[in-house]
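Welcome! Let us take a friendly walk through this structure, one part at a time.

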Amino acid sequence: MILSMENISKIYNGKTILDNISLTVEDTDRIGLVGINGCGKSTLLRIITGMEEFESQPEPNVPRLSVTKGASIGFLQQNSGLDRSSGIMEEMRSVFSGLLSVQEELRRLEEYMARPEIHEDKKHFEEISAEYARKTAYFEANEGYLIDVKIKTVLNGMGFPPETYDRVISTLSGGEKTRLAMAKLLLENPKLLILDEPTNHLDFDTIMWLEDYLSEYKGALLIVSHDRYFLDRLCTSVCEIERTRLRRWKGNYTKFTELKAADTERRIKEYEAQQEEIAKLRDFVDRNLVRATTSSMAKSRIKKLEAMEILEKPVTYEKKAKIRFEYDYEPPEEVLSVKNIDIRAGEKSLADNVSFTVRRGDRVGIIGANGTGKSTLLKILRRTMPVSHGNIDWNKNVKISYFDQENSQLDFNKTVIDEIHDRRRGMTDGDVRSLLGLVKFTGENVFKQISVISGGERAKLCFAVMMLERGNVLILDEPTNHLDMDSRDVLEEALEKFTGTILLVSHDRYLLDKLCTRIFEITSGTLTEFNGGFAEFMEQKRSRAAEAQAAGELIKQENQKREAEEKKAASYRSKEQRAKDAQRRTRIKELEKLIDELEQKMNEVQNEMISPEVTADYVLMNEKCAEFEELKRLSAEYTDEWLELSEEM
């Protein structure tokens with residue numbers, strides 16, 4: 001066990017955030033920590049890491065938090081990047097400062113042991129040799145020889161190629177500093193690794209590398225993330241904080257949602273059944289307690305009520321948003337035809353000669369690294385950006401409803417209610433409030449100015465606008481960016497029920513996998529199509545990469561074969577030349593045998609040099625050193641001859 005906590009509570013300004021939380025973390029646990037925004041997830045992480053105090057309480061709820069002695073905890077907070085004046089490689093090597101000091105000490109000992117006079121004092125030499133052996137064993141046991149390999153592996157995986165190693169950390173962007181902080185934490189390899197929204201600043205490739213790396217991580221993981229696909233791949237249990245309490249569920253995020261839904265449904269039925277039974281018992285008591293003939297039966301019902309263990313009403317989230325995307329008429333079978341268009345950002349070409357078709361009911365996910373042209377493509381399709389050539393043909397009866405990740409379709413100077421009123425003048429206040437109520441804008445909140453509401457609330461307002469527009473084609477650019485888990489689930493359900501056509505740019509792999517029937521990937525100036533959701537896309541991509549590699553190997557082998565045949569056909573060898581070649585081959589074999597024999601002899605002499613008999617005899621040691629040098633000279637001489645003959649051949 002790494003960590004144990006019991007009865008941990010936290011109160012802010014008189015409001016309970018966490019109430020009697022208990023949790024244990026074992027050595028190999030993979031825990032996802034979830035809950036709505038503001039429920040206390042980050043607070044709990046800060047308490048675990050000692051950055052925040054918990055409340056003291058009397059018996060029987062005395063709080064306890066203990067960490068196993070020697071168990072290290074690493075914590076990556078949201079947006080907590082490194083800010084140093086050192087270079088990237090220098091900072092990463094600082095993680096291994098202890099091992100690097102041992103390495104320097106080993107070099108010093110080697111130089112010391114090479115001095116002839118050190119061998120004169122046998123006891124002192126044995127002490128130095130023992131110290132050298134001890135430090136060498138420690139260095140090897142802690143994989144000291146792999147320091148640079150580990151650093152380069154993690155830096156490359158986190159998006160820092162070799163040409164960045166000398167960059168000063170303070171000159172990096174905020175996202176780069178956060179990625180570097182995570183790289184350093186991975187190299188530190190703590191017993192418990194705590195990550196708060198680790199995927200926020202990562203692209204697809206980096207996220208997938210991190211998933212693979214963490215899947216092999218030797219310690220325990222505690223992860224807060226809105227990336228449901230990330231949680232599905234890594235977590236074996238999920239802890240949910242809901243209304244100040246924590247409950248743990250076995251399985252990944254998908255399993256958690258299934259178990260929770262079934263458990264909530266069961267508890268609601270049990271609660272309702274008990275409430276119905278209580279109502280019947282109380283009604284019987286009220287009608288029969290004062291009647292002499294039935295008074296005893298009424299009293300027995302009272303005793304039953306008093307003995308009954310009253311079930312609490314099941315804890316559920318606040319009323320969820322109810323998003324429904326509907327439309328009035330179907331478009332033709334072929335919704336969109338794109339032929340030979342280019343995707344450009346100013347003068348920069350992102351992709352050329354892009355062609356594809358979209359049919360009615362298609363759900364197309366558009367993915368790619370940042371800056372590849374995904375959002376630009378959506379703007380081109382909506383004709384808000386021009387193309388230099390090619391055709392974009394939307395069929396008749398197509399009505400587009402668009403979600404922009406920047407919420408540019410909203411007027412930030414308006415209030416929430418006016419945004420809807422101004423779009424549909426005929427709606428009454430009641431109609432507008434009903435629509436806004438579906439996305440959880442109620443009461444005085446409808447009079448808030450759009451500029452002051454949160455990113456998640458703006459997204460929900462955009463969904464309300466889209467419901468009002470009733471488009472049969474939805475174009476969405478990163479719709480889940482500012483949504484909590486609950487709202488993402490609601491949006492996902494709404495999009496799954498939508499029977500029209502969807503074009504979706506998103507980094508939400510869980511949404512892409514659950515929703516999409518096709519994936520378009522923009523990379524290296526091209527758009528490539530894949531059938532299925534995100535999981536199928538990954539499988540097809542791996543398969544195509546394997547096929548391309550196999551084809552490349554085949555071409556390479558064929559080229560090598562052709563070159564060998566051409567070389568053979570072009571070179572005519574006389575009888576004398578063939579005889580010389582035969583002599584060379586014979587000599588090469590002789591040299592190889594001689595070199596092997598010399599290497600064996602050199603190993604034997606080396607072993608003799610470190611034996612107590614030799615190390616104690618200065619004269620004998622010098623003889624062995626001279627013998628070793630002669631063997632080394634002969635080996636070099638034979639090797640040079642072997643190389644010369646091999647080149648001639």
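## Helix H11 and the residue after it

Arg383 follows helix H11 and has a positive phi, near 65°. Keep in mind that this is a predicted model. Helix H11 itself spans residues 374-381 and is mostly covered, with six of its eight residues buried. The buried residues of H11 are Lys374, Thr376, Leu377, Leu378, Ile380 and Leu381.

## Strand S12 and its two partners

Strand S12, residues 363-367, is mostly covered as well: five of its five residues are buried. In a regular strand, side chains alternate between the two faces of the sheet. Here both faces of S12 are covered, with Arg363, Gly365 and Ile367 buried on one side and Val364 and Ile366 buried on the other.

Which strands pair with S12? One is strand S16 (residues 501-505), which pairs with S12 in the parallel sense over four bridges. Within S16, Ile502 is the bridge partner of Arg363. Strand S17 (residues 518-523) also runs parallel to S12 and is joined to S12 by four bridges. There, Phe520 of S17 stands opposite Ile366.

## A six-stranded open sheet

Now for another sheet. Six strands make up an open sheet with mixed pairing, and their order is S5-S6-S7-S3-S8-S9. At the edges are strand S5 (73-76) and strand S9 (245-250), each of which pairs on one side only. From one strand to the next, the twist averages 15°.

Strands of a sheet pair through backbone hydrogen bonds, either parallel or antiparallel. Strand S3 (residues 30-34) and strand S8 (residues 237-242) run parallel and are joined by four bridges. For Gly32, the bridge partner in S8 is Val238.

## Helices H9 and H10

Helix H9, residues 253-288, lies across S3, S8 and S9 and runs at about 115° to S9. What is the angle at which the axes of H9 and helix H10 cross? The axes of H9 and H10 (residues 295-307) cross at roughly 145° and come within 9 Å. The crossing of these two helices, H9 and H10, is left-handed. On the H9 side, the contact is made by Glu277, Ile278, Leu281, Arg282, Phe284, Val285 and Asn288, while H10 brings Ser295, Met297, Ala298, Arg301, Ile302, Lys304 and Leu305. The residues of this contact between H9 and H10 divide into eight nonpolar, two polar and four charged.

Leaving aside neighbours within four places in sequence, Ala298 is in contact with Phe284, Val285, Asn288 and Leu289. Gln606, by contrast, is 308 residues from Ala298 in sequence and 101 Å from Ala298 in space, C-alpha to C-alpha.

## Aromatic pairs and a cluster

How many aromatic pairs does the structure hold? There are 13 aromatic pairs. The rings of Trp209 and Tyr213 form a stacked pair, because their centres are 5.0 Å apart and their planes lie at 25°. These two residues, Trp209 and Tyr213, are four residues apart in helix H7 (residues 204-215), so about one helical turn separates them. Tyr213 counts as partly exposed because its relative accessibility is 26%.

Phe403 and Phe463 form an aromatic pair that is also stacked, at 5.1 Å centre to centre and 25° between the planes. Phe403 lies in strand S14 (residues 400-403) and Phe463 in helix H14 (residues 455-469), so this pair ties together parts that are 60 residues apart in sequence. Elsewhere, Phe204, Tyr229, Phe530, Phe534 and Phe537 form one aromatic cluster.

## A buried aspartate in a loop

Our last stop is Asp227, in the loop between strand S7 (220-224) and helix H8 (228-234). With a relative accessible area of 8%, Asp227 is buried. Not counting residues up to four places away in sequence, Asp227 touches Thr199, Ile207 and Arg509.

Notes
Residues numbered from 1 in each chain as written. Predicted model: local features only at pLDDT ≥ 70, side-chain atom pairs only at ≥ 80, totals over all residues. Heavy atoms only, no water. Pairing = 2+ DSSP bridges. Axes fitted to C-alpha atoms, helices over the stretch in contact; angles between N-to-C directions. Contact = heavy atoms within 4.5 Å. Left-handed = near helix turned anticlockwise from the far one by under 90°. Nonpolar A, V, L, I, M, F, W, Y, C, P; charged D, E, K, R; others polar. Buried < 20%, exposed > 50% of the residue type's maximum accessible area, 1.4 Å probe, protein only. Phe/Tyr/Trp six-rings, centres within 6.5 Å; stacked < 30°, edge-to-face > 60°.
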